[in-house]
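My notes follow in the order in which I made them.

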Amino acid sequence: MDLATDLCGIELNGPVLNGSGTFDALAARRVFGDTLIEEFPFHCYVSKTITMNPRPGNPPYRLWETPSGMINSIGLPGPGLDRFLERDLGAMAELGVPLIVSVMADCAEDFEVLVERVAAREEVAAVELNVSCPNVHSGLIVGEQPAETEALMKALRPITAKPLIVKLTPNVANPQEVALGAEAGGADAVSMINTVKAAAIDPVENRTWLGVGAGGLSGPAVRPIALAQVRVVAATIEIPVIGMGGIGDAESALDFILAGARVVAVGTENFRDPRAGSVVTAGLPAALARRGFASLAEAQSAKLD
Amino acid sequence: MRGEPCPQAPFGRRLCEVAESRESGGYRIFTLIDAEGPAPRPGQFYMLAAAPEWGGEGGRPYLPRAISYARVSENLTGGLRLDFLIDEVGPGTSRLARMEPGESCHLTGPFGSRFSLPRELNPNAAGAILVGGGIGIAPMAVLRRELVDRGIPSRSLLGFRDQAHSGGIDELFGCDSTRLAFEDGSSGHKGYVTDLLLQLLEGDDASSAAVYSCGPPAMLEAVRQICLERKIPVELALESPMACGYGACFGCAVPKAEGGYLRLCIDGPVVRGEEIATAMAGEPAVE
């Protein structure tokens, strides 16, 4: 079965991406060698979030296992924009799939620089905006505010003709309102969901387990939340949705397509199996057939009752 | 990674059969048959998850567990026999400890860095001092075997809480040149293994020493301090909560001496004592 599809005009050999920050392809290449390239598990690679300056990330502990999932508070460690462009981006182009670079800043001015310099590189097919950070001017988390999201998009839209994707947070009452803001500001797609705010208590020391007190829940534990939010957002906006949240196999991936996602992303499952993306893809033809679809496109255009 | 490179891990997780599982001093030793993987190097680890009923109790365990191998040998019918030493401390280790022969286990790896040889660590090294605590004796046993094979002398100091937490001593270590410490005094020296290390270093020329250690964070930090104070090169095999084992999750952060963090899975698990700010990352003392 042909699984080829497209996302905002980017041609993909299939609908399986990785969630930003869940697969360091450059580290994986060092660990697994060229087999990683020959059997690259995603049809499009999304980078870890890049920031203007290098960041060390959060103090440990950064992980906590939950029933059917995990909480992370990684804190976006990264090399910063300059080093990413010089050192990492060229190596990412060797992966053989279209590249989406995720960026984050705490003000529109830095976002503008990030988008301009990243989008200018020919290796980059699209830019994803991580808007889960507070705006230093307003103090508000951009991605929780429809007006802030729209204003940011309007500032960034003129900078590049390449697709701009807004990563939506699930930590709002009505994600469709933020999605509408993104669309009104000129976004080409939204990706969702980011992690669900979560905390864990150290069972021995009577303190919060995570180094910074709280983090984000991911894995199958969040899948029903993600499906509900993808469904309502996809029904509200015209631009495509990249669906994710606890996808671990073809069946759960297909759930997201039927909820309205155009393509899907595998996140936490990558930690359990580096080839998780390939496992999802390999199972899709049978999953589509079992549920009565002759093609991926048919499932993508299916309407749920 | 330094010196001789470590082998490249096969891409993806693979199913391995459980060949044996037995009790040993309150711990379990189980054996997996790895038909495909390359021979691991001392200090390296695998990500393990029982194939059936992983997540069977209240949705946990969910993530695989990072476990150093305790012994490797050739399997008569092909592949490798990998032994792992397990203490049941949570849902993941409990499920692994309950695996029965014939069951399958998901395995990814081998991952991470290896121990240096004593001369790589200290050009004047006359031999190696191995300091293991609890289940941390597993990588020490692997290193000891490698040193024996290479004809490099080593002395092993092993520390345990009590007899109920002291598996693998006879199976993984010969009796020769191994000294034991039990916190409850039930055998060997009554006290900490670091007491034995201090005794041994008193009679030694520190300039020809090379120390290797694996064990609980507080023990590792004590070993690290003892060695740093005496300018003795030391390598530590650390442990950290870890989701993936191959650099994807950035969860296994250990503070570097120079600031920032290393990823223990790909920059470790074997690190030099002076590389890190503490072996007790995440403990209250460094908050």
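**Helix pair in chain B**

I first noted that α5(B) and α6(B) are roughly parallel to each other, where angles under 35 degrees count as roughly parallel, over 145 as roughly antiparallel, 65 to 115 as roughly perpendicular and the rest as oblique. The model is a predicted one, in which local features need pLDDT of at least 70 and side-chain atom pairs count only at pLDDT 80 or more, while totals for chains, interfaces and linings use all residues. Residues are numbered from 1 along each chain as its sequence is written, and chains are lettered from A and ligands numbered from 1 in the order in which they are written.

I looked up the angle: α5 (residues 193-202) and α6 (residues 217-229) of chain B pack at about 15 degrees, with axes 10 Å apart. Axes are lines fitted to C-alpha atoms, for helices over the stretch in contact, and angles run from 0 to 180 degrees between N-to-C directions. Helices (H or I, at least four residues) and strands (E, at least two) are DSSP runs numbered from the N terminus. The crossing of α5(B) and α6(B) is right-handed, meaning that the near helix is turned clockwise from the far one by less than a right angle.

I then listed the contact, for which C-beta atoms, placed from the backbone, must lie within 7 Å. From α5(B) come B:Val193, B:Thr194, B:Leu197 and B:Leu198, and from α6(B) come B:Met219, B:Ala222, B:Val223 and B:Ile226. I count these by class as seven nonpolar, one polar and no charged. Ala, Val, Leu, Ile, Met, Phe, Trp, Tyr, Cys and Pro count as nonpolar, Asp, Glu, Lys and Arg as charged, and the others, Gly among them, as polar.

**B:Leu196**

I checked B:Leu196, which sits in helix α5 of chain B. B:Leu196 is buried, with 22 other C-beta atoms within 10 Å; the cut-offs are 20 or more for buried, 12 or fewer for exposed, and partly exposed in between, with C-beta atoms placed from the backbone. Leaving out residues up to four places away in sequence, B:Leu196 touches B:Leu157, B:Arg179, B:Ala181 and B:His189.

**Helix α6 of chain A**

I found seven of the ten residues of α6 (residues 175-184) of chain A buried, so the helix is mostly covered. The buried residues are A:Pro175, A:Gln176, A:Val178, A:Ala179, A:Gly181, A:Ala182 and A:Glu183. They pack against α5 (146-156), β9 (164-167), β10 (189-192) and α7 (223-236) of chain A. Just after α6(A), I noted a positive phi of about 110 degrees at A:Gly186.

I followed the packing on α7(A): the axes of α6(A) and α7(A) come within 9 Å and cross at roughly 40 degrees. That angle makes α6(A) oblique to α7(A). The crossing of α6(A) and α7(A) is right-handed. Here A:Pro175, A:Gln176, A:Ala179 and A:Leu180 of α6(A) meet A:Gln229, A:Val232, A:Val233 and A:Thr236 of α7(A). This contact has five nonpolar, three polar and no charged residues.

**Between the chains**

Conventions
Two residues are in contact if their C-beta atoms, placed from the backbone, lie within 7 Å.
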